[in-house]
Amino acid sequence: MNAALVHAFNAPPRHESFADPVAADGELVVNVTAAGLHPIVRALANGTHYGSTRELPFIPGVDGAGRLEDGTRAYFGATRSPYGTFAEKSITAKWVCVPLPDGLDEVRAAGIANPGMSSWAALKARAKFAAGESVLILGSTGIAGKLSVQIAKRLGARRVVAAGRNPQALEELKGLGADAIISLSQEHDALVAAFRSEIAGDGVDVVLDYLWGPPAEAVLAAIAHKGLKHSSARIRFIQIGSSAAPTISLPAATLRSSGLEMLGSGFGSASMNQIMQAVREFFEVAAKTSFQASLKTVPLHDIEAVWNDPERDVRVVFQP
């Protein structure tokens, strides 16, 4: 079969031939029709993701959509190494394979599954979000961030505050459900003041953080209290991504002086059962009323040419 192969962590995958996968007990072979290129795929391919085995060569891609041998349209959320999803065929365990509902095509499913699941699982599985609560989203102008604004509203958020750097994208988020926007381009003290105004004013119950680094530090500074005569509301800070920086500085007093609860959401912190449940629920909602997301289909044989292109606000979906 034709597939993309990673031979080195410092080079783009190459389109070439590879042996077809053979299913073992409990596994299914999928004829892949679409697979999304998202940050986790890139990080695994360059060996920097915590889930990397560092074993070469392998086919990149962690999830995808396609057709089973009986013709069923399906999404699958994991594969068996060295088989990824950037190939004509892949292999998956039966329990991480989800039939696609009518009204959701394979390209769209492959493009929105990972970014949509990231906030759906973070809200439902990790934050235990309840309708009527408010959500602050750090990094809301990317694909995942834009979907998270829509998802929070669809799940019944009372108020959604979107924070990001792209001014045009921030304005567009108002039409997707954002009740307020905060520019991350302002200097630190002004940014802390903007976050503090939201927290002290309308209140923030959940923070979804796709950025980490300085933006997260600014939110945490806004949450921290001075003095001993105050009571702190509970705020669940859910860490999802680290595109701004891999680390932060967190004063111990921030935790002791506030109602802050910090959790991670990703492969490992949320179980695969929780992740697949999030995907099922997300697909059911997306099939009935579509979420806005910009997708771009690219033939798999062009992978070397587009691999290092910046994502911006368009999700690339490869088709074999």
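1. A salt bridge is taken here as a side-chain nitrogen of Lys or Arg within 4 Å of a carboxyl oxygen of Asp or Glu. The side chains of Lys124 and Glu281 form one, at 3.8 Å from N to O. Because Lys124 belongs to helix H2 and Glu281 to helix H8, the pair ties together parts 157 residues apart in sequence. Helices (H or I, at least four residues) and strands (E, at least two) are DSSP runs, numbered from the N terminus. Lys124 is partly exposed, its relative accessible area being 37%; buried means under 20% relative accessible area, exposed over 50%, and partly exposed in between (1.4 Å probe, protein chains only).

2. The model is predicted: local features need pLDDT of at least 70, side-chain atom pairs count only at pLDDT 80 or more, and totals for chains, interfaces and linings use all residues. Residues are numbered from 1 along each chain as its sequence is written, and side-chain values use heavy atoms, with hydrogens and water left out.

3. The structure holds 14 salt bridges. One of them is between Glu106 and Arg73, whose closest N and O atoms are 3.6 Å apart. Glu106 is in helix H2 and Arg73 in strand S5 (residues 73–76), so this pair ties together parts 33 residues apart in sequence. Both Glu106 and Arg73 are buried.

4. Lys89 and Asp20 also meet through their side chains in a salt bridge, at 3.6 Å from N to O. This pair links distant parts of the chain, 69 residues apart: Lys89 is in strand S6 (residues 89–93), and Asp20 in the loop between strand S2 (14–17) and strand S3 (27–37). Lys89 counts as partly exposed at 28% relative accessibility, and Asp20 is partly exposed with a relative accessible area of 37%.

5. Helix H6 (residues 213–223) is largely enclosed by the rest of the structure, because eight of its eleven residues are buried. The buried residues are Gly213, Pro215, Ala216, Ala218, Val219, Leu220, Ala222 and Ile223. Their cover includes strands S8 (134–138), S11 (206–209), S12 (234–239) and S13 (259–264), together with helices H5 (188–200) and H7 (252–256).

6. A search of the whole structure finds one cavity of 30 Å³ or more. On a 1 Å grid over the protein atoms alone, a cavity is a set of points where a 1.4 Å probe fits but cannot get out, and lining residues have an atom within 4 Å of a point. The largest cavity has a volume of about 60 Å³, a volume being the space filled by probe spheres set on the points, which are joined across faces, edges and corners.

7. The lining of the largest cavity includes Val62, Asp63, Tyr75, Asn114, Met117 and Phe267. Helix H2 (106–126) and helix H8 (272–288) each supply at least two lining residues, and H8 gives the most, with four.

8. Two cis peptide bonds deserve a check. One joins Leu56 and Pro57, with omega of about -10°; Pro57 is in the loop between helix H1 (39–45) and strand S4 (64–68). Another joins Ser81 and Pro82, with omega of about 10°, and Pro82 lies in the loop between S5 and S6.

9. Arg54, although not a glycine, has a positive phi of about 65° and is found in the loop between H1 and S4. Lys128 likewise has a positive phi, about 55°, without being a glycine. Lys128 is in the loop between H2 and S8 and counts as exposed at 56% relative accessibility.

Technical notes: Contact means heavy atoms within 4.5 Å. On a 1 Å grid over the protein atoms alone, a cavity is a set of points where a 1.4 Å probe fits but cannot get out, and a pocket is an open set with protein on both sides within 12 Å along at least five of seven lines; lining residues have an atom within 4 Å of a point.
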